[in-house]
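Student: I have a model open and want to learn how to read its features. Can we take them one at a time?

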Amino acid sequence: MLTLLVVFITYGQNVFVPLAFAILLSILLLPVTNFLENKLRFPKAGANLVSIIFALCVIGGIIYFFSHQMASFLQDIPSIRRHLHAHYNTLQEWIQQKFNVTAKQQTSMIETATADVKSGSEVLGETVFTITRTMIYIIMVAIYTFLILHYRHMIRKFLLAVFNKAHEPQIHEVLQESKGIVQKYMLGLITEMAIVAVANSTVLLIIGVKYAIFLGIFTAILNIIPYVGILTGIVFASLVTLTTSTHLSDIAWIILSFEIIHFIDSNFLMTRIVGSKVQINALVTIVGVVIGGTLIGLSGVFLALPTIAILKIIFDRIDDLKPWGMLMGDDTAGQKGKLARSIERLASRKRKTVVTTVSNTPSDTI
């Protein structure tokens, strides 16, 4: 079954990827659709259509923002080349002094390493193909989402009917709890990402880094991948800053600031906003992201985390699959709770000792 699933995901990703995104989007839009139907008395099709249009406007705004930032970045290519050339000459001199490798030898090594780099026409062709495929995916996701929302009651009846009738209460419970927890988990993840994006952008604006808002949002998106995401974001932000600034101190401030924000996010925001919804350990998350990226590329990276969350929710509520849910879980919160209780017991003992000491001390001494 696992082999067939991997084969289907690999060779049928043009069907699987839009459908997976549509399922997640449907779960997120379900409260909006229910509100329009039940409170504002919208017809079923109209409520679904308004919800999807709202989601497309948000997605379109995000795409427009990144496109605008990338356009500004491309306009500064001449300035970036000058900065890169200056840094490249400095690096060449340092390598020549430290490792006794001449500039000519370094240039020869770089040319050999980049001999297989694709030509500009090939890169342009692939870019056009990627943009076209993305637009097709967005249209398919919108259509799938509308149909899933429209036929959601029939899909629910199907899931209840496809299993043994004796398990109907358990299946009903899994569906209800999965829907609620996935909604809270996804909204918590988006909230946590927004807070980190604002913090990153504010720090970069204070430092005076160009493209501060773009870099802040981009690093916040990467930050959802434990450990690897923050390192990738720091490297990317540092490289972009290096090409637009001549002050190396900006790089040091970026690394220090992002590490502080990541520490606060990992130990406070993630545990309170996202971690309270569903606990997933870092090992399973990283392995899932790598597997998703290997099978279906960038889409797999973004689909991995919510997919793992949904699987853990299901595993935790089926007796035969609970060991797998335990393997995917993270008992850090439980350990923190035990530590907090131990500290509280120790403090309680100290308070009792102080009270006993004070009560046994003569009044004139007190």
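Student: What should I know before I start?

Tutor: This is a predicted model, where local features need pLDDT of at least 70 and side-chain atom pairs count only at pLDDT 80 or more, while totals for chains, interfaces and linings use all residues. Residues are numbered from 1 along each chain as its sequence is written, and side-chain values use heavy atoms, with hydrogens and water left out.

Student: How many salt bridges does the structure hold?

Tutor: The general idea comes first. Side chains of opposite charge can pair when their charged atoms come close. The cut-off is a side-chain nitrogen of Lys or Arg within 4 Å of a carboxyl oxygen of Asp or Glu. The structure holds 3 such bridges. In one of them, Arg152 pairs with Glu37, with the closest N and O atoms 3.1 Å apart. That pair links distant parts of the chain: Arg152 sits in helix H7 and Glu37 in helix H2 (residues 13–38), 115 residues apart. Helices here are DSSP runs (H or I, at least four residues), numbered from the N terminus.

Student: Why does Arg152 count as buried?

Tutor: Look at relative accessible area. Buried means under 20%, exposed over 50%, and partly exposed in between (1.4 Å probe, protein chains only). Arg152 counts as buried because its relative accessibility is 15%. Glu37 is buried too, at 16%.

Student: Which residue forms a salt bridge with Lys312?

Tutor: Asp316 does, and the closest N and O atoms are 2.5 Å apart. Lys312 and Asp316 are 4 residues apart in helix H13 (residues 298–316), so about one helical turn separates them. Lys312 is buried at 9% relative accessibility, whereas Asp316 is partly exposed at 29%.

Student: How far apart are the closest N and O atoms of Lys322 and Asp319?

Tutor: They are 3.4 Å apart, and the two residues form a salt bridge. Lys322 is partly exposed, with a relative accessible area of 40%. Asp319 counts as exposed, at 56%.

Student: Which residues form the nonpolar patch on the surface?

Tutor: Start with the rule. Patch residues have over 30% relative accessible area and no salt bridge; nonpolar side chains (Val, Leu, Ile, Met, Phe, Trp, Tyr) are joined within 5 Å, like charges within 9 Å. Here the patch is Ile139, Ile143, Leu147, Tyr151, Met154 and Ile155. Together they have about 560 Å² of accessible area, computed by the Shrake-Rupley method with a 1.4 Å probe, where only the protein chains shown count as cover for residues. The largest share, 3 residues, comes from H6. Met154 lies in H7 and is exposed, at 52% relative accessibility.

Student: What lines the largest cavity?

Tutor: Again, the idea first. Rolling a probe the size of a water molecule over the atoms shows where empty space is left. A cavity is a set of points, on a 1 Å grid over the protein atoms alone, where a 1.4 Å probe fits but cannot get out; lining residues have an atom within 4 Å of a point. Volume is the space filled by probe spheres set on the points, which are joined across faces, edges and corners. This structure holds 1 cavity of 30 Å³ or more. Its space comes to about 30 Å³. The lining is Val196, Asn200, Asn223, Ile230, Phe258, Ile261 and His262. Helix H8 (168–207) and helix H11 (249–274) are the elements that give two or more residues to it, and H11 gives the most, with 3.

Student: Where is Asn200 found?

Tutor: Asn200 is in helix H8. At 3% relative accessibility, Asn200 is buried. Its C-alpha atom is 9.7 Å from that of His262, 62 residues away along the chain.

Student: What is the phi of Arg41?

Tutor: Most residues other than glycine have a negative phi, and most peptide bonds are trans. Arg41 has a positive phi, near 60°. This residue is in the loop between H2 and helix H3 (44–75). Arg41 is exposed, with a relative accessible area of 69%.

Student: Is Val284 buried or exposed?

Tutor: Val284 is buried, at 18%. Val284 is found in helix H12 (residues 282–296).

Definitions and conventions. 1 Å grid on protein atoms, 1.4 Å probe; cavity = no way out; pocket = protein on both sides within 12 Å on 5 of 7 lines; lining within 4 Å.
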